[in-house]
Protein chains: 2
Amino acid sequence: MIIDCHGHYTTAPDELETYRDGQIADLELDPMHQSLKGKLGISDDQIRGSLEGAQLKMQAERGTDLTIFSPRASWMGHHVGNASTSSTWTEHCNDLIYRITQLYPDRFVGVAQLPQTPGIAPDNCIGELERCVNELGFIGCNLNPDPSGGYWTDPPLGDRYWYPFFERMCELDVPAMIHVSAACNPCFHTTGSHYLGADTTAFMQMLTSDLLRDFPTIKFIIPHGGGAVPYHWGRFRGLVQAMDKPPLEELVLGNVFFDTCVYHQPGIALLLDVIPAANVLFASELLGAVRGVDPNTGHNFDDTRRYIDASSRATDAEKHLIFSENAKRVYSRMQL
Amino acid sequence: MIIDCHGHYTTAPDELETYRDGQIADLELDPMHQSLKGKLGISDDQIRGSLEGAQLKMQAERGTDLTIFSPRASWMGHHVGNASTSSTWTEHCNDLIYRITQLYPDRFVGVAQLPQTPGIAPDNCIGELERCVNELGFIGCNLNPDPSGGYWTDPPLGDRYWYPFFERMCELDVPAMIHVSAACNPCFHTTGSHYLGADTTAFMQMLTSDLLRDFPTIKFIIPHGGGAVPYHWGRFRGLVQAMDKPPLEELVLGNVFFDTCVYHQPGIALLLDVIPAANVLFASELLGAVRGVDPNTGHNFDDTRRYIDASSRATDAEKHLIFSENAKRVYSRMQL
């Protein structure tokens, strides 16, 4: 069995965008407009149609079985509007994921978007997390360490600002994938620099705070192969040593996991060389950031299974961990 | 001959910090305080003393010959105060580097700090660049893509805001190392996440703009092994392909170079595997971000020469490029 722990619903029917456009139009008239949830008007057939030529087709082509699936990350747009904007938008996005998990229970399991808003403590995301986990059967969430969209105006993850949310994550036993949304700061390219920078930044926030000590059972997945982290593993080892902290491996590997969204063979080689197999989760981010075919290989850049299959860095037993067992362990609410 | 292209004067006598503290005290009384240059009162003997047990000792121990040397990056502090603060501070920092190059002409060659200030176009750095190059014999500069210190409030490098400065760089034929300073945003750790994120961000700004097309002779060094770039080379290749741009190699390798400040063997292996040897410049960032000894190897994390010496990824001819010839080519004003 092969579990892809990082897939987004990037192919939703146009009604979803229309709904969002409506929110934005309301906000243009009144930035404090209080959003009402309303309806999307998307049929089950539309949902099927949006997946069958895309994610489901690629699962079949690539021989992956189950995708841990969440709303489109770049559209979370936590910086748009106010808390009510984020709340109704998030509920709709999560409801769609739930419907997908009901239509294709063997193919998709849900992970929640959170109704974050810059400047508003993530306590207000606990209700939606509980709804998604307890009522919709979701097994994790995507946590945005920078809801401002590239201005980094909220406190770092080690700040107590985040602690009530982390407490509830631990009580529910759900992991969070660290995942920013689209950058509204023109300095950043969403998938090229903002995602990778945020991955590295969040990891460093964990190293410089007591977060992992205060929540010994918390689990985070750092996507996109951990941003710059595995490539600079020696730097991070040296930095925590200089802070008189325990060795990096001891400090983080009980809580922090890395996905395999690294789109070339040498990158995967480095990842598997540096990070123990027990901390690597298979993922492709499909349909995601990079959709083209690599002319050097003739295969999609994001067909990450090929890189792992081809790698001599991991044994078959380690690949089994990476492809399925680690995901079952980290997303412990997953029922297969 | 071994040239280290990335060294900072992190061991300056206390008088430098005292001067800076005086600036900050003046700014606390009046944020618009107009700084007068004044004097540092540092003797040549003090300078010698600050280097002989540190950078010079390490050059000797590690068998490197010449360091391309610039003021302490984390102390550039472009976000502190106003343009006059940055101007006088920068002149003093550069003057110290000049004195070092006069005291040890065979050991150090100068690279300029720039008097950047958030919100002020870098046109106002041209004068100091000219002074450093034409009067002090400097061969390059460190350019901060985020003078705000982690809020990213200035335009991206592809914006015409930066163009007059880039024009002068090209006319003078000096490269810029992309280098942020200390983060004042608590979300970022200066050497752990801000540096690496900025490296990746600046690279992506080059890909999404016309900068390299508009300045075909410009040269940038992305330090810290290019941030996350080589590890995600496939991602960047796919992203530029999706933008209908020329292949990544064609797009950037005439203008963009990467240093070797990657503090473990697997990271250096990845760098040398992915980036052509002609685009890699030896560097150790000493005395820099990570000063400790790696208990796994018994050697300093930042003793990057060892990783390159030990690497089977590069031939001897390629290592010769990396250790000296590339630096001579990129820093073309260097006289040896």
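1. B:K328 and B:E325 sit three residues apart in helix α13 (residues 316–330) of chain B, so about one helical turn separates them. (Helices are DSSP runs of H or I with at least four residues, strands runs of E with at least two, numbered from the N terminus.) The two form a salt bridge, with their closest N and O atoms 3.0 Å apart; the term means a side-chain nitrogen of Lys or Arg within 4 Å of a carboxyl oxygen of Asp or Glu. B:K328 is partly exposed at 32% relative accessible area, and B:E325 is partly exposed at 27%. Here buried is under 20%, exposed over 50% and partly exposed in between, with a 1.4 Å probe and protein chains only.

2. Before going further, a word on the basis: this is a predicted model, in which local features need pLDDT of at least 70 and side-chain atom pairs count only at pLDDT 80 or more, while totals for chains, interfaces and linings use all residues. Side-chain values use heavy atoms, without hydrogens and water; residues are numbered from 1 along each chain as written, and chains are lettered from A and ligands numbered from 1 in the order written.

3. A:R48 is partly exposed at 32%, whereas A:D45 is exposed at 57%.

4. Do look at the network of salt bridges that links A:K37, A:E91, A:D95, A:E128 and A:R131. Over all chains the structure holds 44 salt bridges.

5. How many salt bridges are there between chain A and chain B? The count is four. In one salt bridge, A:D294 pairs with B:R237, their closest N and O atoms being 2.8 Å apart.

6. The contact (heavy atoms within 4.5 Å) takes 56 residues from chain A and 56 residues from chain B. About 4,300 Å² is buried between the chains, 62% of it from carbon and sulfur atoms; this is the accessible area (1.4 Å probe) lost on putting the two parts together, summed over both. On the chain A side, A:C187, A:Y231 and A:R235 lose the most area to chain B, together 20% of what that side buries.

7. Because 100% of the interface residues of chain A are also interface residues in chain B, the copies meet through the same surface.
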